[in-house]
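This report covers the disulfides of one protein model, with a note on confidence. The structure comes first.

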Amino acid sequence: SLTVSTNESPVSCQCALDEYLDGTSCMPCDVTCRTCTGTHSNQCLSCPMGSYLEDGSCKQCTASCVAGYFLSTECTGEQDATCSRCDSSCSTCDTSGIEGCIDCAPGLAKLIGGSNLCVLSCARNEVRNDTSCATCPDGCTSCLLSRQDPSQLVCTECVDGQHLSVDGMCGVGCDVGMFPNTDEGVCQDCDDVCGSCTGPTT
């Protein structure tokens, strides 16, 4: 719509934001423009939210990056967002550096404790569980994923003073019918003639 101002001399005409003045008439801008100098899509002066101006045309802002890249700058009305490469330890990330990983690159695992750091191997009291490092159960110095249930961890070695039971747990004592082999740090079966024992022959 055309607005005429009589407070100024000479008389000035002003169009709505999404229109341009063509002689004495207000004409609509192209739908892609916020403001413009003409009716065509390459005659934009500014762009609506979610797009940016390039060579007179409004282009859609980049909203996300391909795998291995992250949005390092936001889209503005004058410039598109920028995608930057993730650290080589990440397959996907949300920021730069070694601690910006969302998912790890093949062959690496994410450390436990909320860290985004991807490492080649896990700590001694941890085990690799798909793409992350899981902490071994209490009393274990090392462990493995259970063959029967890969979501469960079983101990392979215990801390000093504890013994490995047949169910893969570490404890101070052994089950009935077993004795602690302190040399190997495991619980072993008593002799068949014993209901309970303190050693292989006693």
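## The Cys-29 to Cys-36 disulfide

Cys-29 and Cys-36 are joined by a disulfide, with an S to S distance of 2.0 Å; a disulfide here is a pair of cysteine sulfur atoms within 2.5 Å. The torsion about this S-S bond is about -85°, so the disulfide of Cys-29 and Cys-36 is left-handed. Cys-29 is buried at a relative accessible area of 10%, and Cys-36 is buried at 8% (buried is under 20% relative accessible area, exposed over 50%, partly exposed in between, with a 1.4 Å probe and protein chains only).

## Basis and confidence

This is a predicted model, in which local features need pLDDT of at least 70 and side-chain atom pairs count only at pLDDT 80 or more, while totals for chains, interfaces and linings use all residues. Residues are numbered from 1 along each chain as its sequence is written, and side-chain values use heavy atoms, leaving out hydrogens and water.

The mean pLDDT (the predictor's confidence in each residue, from 0 to 100) is 83, and 88% of residues reach 70 or more.

## Other disulfides

The whole structure holds 12 disulfides. One of them pairs Cys-47 with Cys-58, the sulfur atoms 2.1 Å apart. Its S-S torsion is about -95°, so the Cys-47 to Cys-58 disulfide is left-handed. Cys-47 is buried at 11%, as is Cys-58 at 15%.

Cys-136 and Cys-143 are also joined, S to S 2.1 Å. With a torsion of about -80°, the disulfide of Cys-136 and Cys-143 is left-handed. Cys-136 is buried at 7% and Cys-143 is buried at 6%.
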